[in-house]
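Please read these points alongside the model.

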Amino acid sequence: MKQIVVLTGAGISAESGLKTFRDADGLWEGHDVMEVASPQGFARNPELVLEFYNQRRRQLLKVTPNAGHKALVQLEEKFKVDIITQNVDNLHEQAGSGNVLHLHGELFKVRSTADENHVLTWKKDLVLGDFDENGHQLRPHIVWFGEMVPMLEPAIEIVAQADIVIIIGTSMQVYPAASLVNYAKLGTPIYLIDPKPNVNENDFESLTIIAKTATIGVPSLVMQLIDH
Ligand code: APR
């Protein structure tokens with residue numbers, strides 16, 4: 001069974017109603033990244049950071065997967081599919097995708113500030129005074145700017161095995177996530193689906209750009225790959 005690796009960013013969840021980061025009216029337009037998504041910001045003003053993620057968690061409870069997420073589940077009929085996402089929403093899992101690796105953490109998880117491996121599922125607001133069993137403050141299980149990306153090595157190994165790579169809805173501006181595609185074997189077909197692609201055809205060998213939204217571009221590529 002051929003292996004398809006799908007690299008997704010905020011754009012695949014845009015049509016579900018979740019803001020992206022760098023589009024007009026994106027999340028980073030209304031917030032200073034270093035204030036709400038960095039360890040320094042959390043140390044300086046924990047309430048502000050916790051409220052930023054509480055707002056995003058509350059919103060995630062109200063949205064559902066779109067045709068882009070669902071088409072990727074269909075791919076599993078014919079291919080081994082691994083999804084490596086920069087997104088912290090769980091819309092791939094809600095749609096039914098089986099193998100989802102979160103590079104930047106998960107909104108519905110929190111962890112102890114004293115032990116990064118002590119992770120809990122958490123779907124309500126998180127506030128100061130919400131402690132782990134040992135009395136340590138809990139924090140979002142999110143990779144903040146300047147923090148390590150613990151899942152990077154496993155992600156690289158997965159991309160290195162891909163027979164096909166599909167990139168959906170990412171501006172390819174944040175590293176190391178943006179470098180992952182470079183670990184694909186030479187000659188691996190790469191498809192990029194984005195209405196405003198931030199790369200051009202000769203950036204990567206054997207790249208096909210599909211300048212469409214996820215709900216249009218992903219289902220049509222999936223049909224093409226399944227019927228191939
Ligand atoms: N369908 C597909 N792609 C879309 C759609 C859509 N409907 N709408 C927007 N896009 C594209 C944009 O054109 C852009 O290229 O999605 C991309 C979103 O880019 P960003 O907002 O930069 O999001 P992302 O690439 O996921 O950001 C990476 O940056 O802030 C950090 O940790 C955060 O994981 C995030 C990382």
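1. Domain 1 and domain 2 bury about 1,100 Å² between them, with carbon and sulfur atoms giving 55% of that area; buried area here is the accessible area (1.4 Å probe) that two parts lose on being put together, summed over both. This is a predicted model, in which local features need pLDDT of at least 70, side-chain atom pairs count only at pLDDT 80 or more, and totals for chains, interfaces and linings use all residues. Residues are numbered from 1 along each chain as its sequence is written, and side-chain values use heavy atoms, with hydrogens and water left out.

2. Domain 1 covers 1-17 + 65-104 + 149-228, and domain 2 covers 19-62 + 105-142; such bounds come from an automatic or database domain assignment. Their centres, taken over C-alpha atoms, are 25 Å apart. To the contact (heavy atoms within 4.5 Å), domain 1 gives 17 residues and domain 2 gives 14 residues.

3. There is 1 salt bridge between the two domains, a term for a side-chain nitrogen of Lys or Arg within 4 Å of a carboxyl oxygen of Asp or Glu. Lys196 pairs in a salt bridge with Asp23, their closest N and O atoms lying 3.3 Å apart.

4. The ligand is surrounded by 22 residues, the closest being Arg22, Trp28, Thr170, Ser171 and Asp194; the criterion is a heavy atom within 4 Å. A polar side-chain atom of Glu15 is 2.9 Å from a ligand nitrogen atom. In the side chain of His104, an N or O atom is 2.9 Å from an oxygen atom of the ligand. Ala214 places a backbone N or O atom 2.9 Å from a nitrogen atom of the ligand.

Methods: A polar contact is a pair of N or O atoms within 3.5 Å; within protein, one must be able to donate a hydrogen and the other to accept it, and residues adjacent in sequence count only if both atoms are side-chain atoms.
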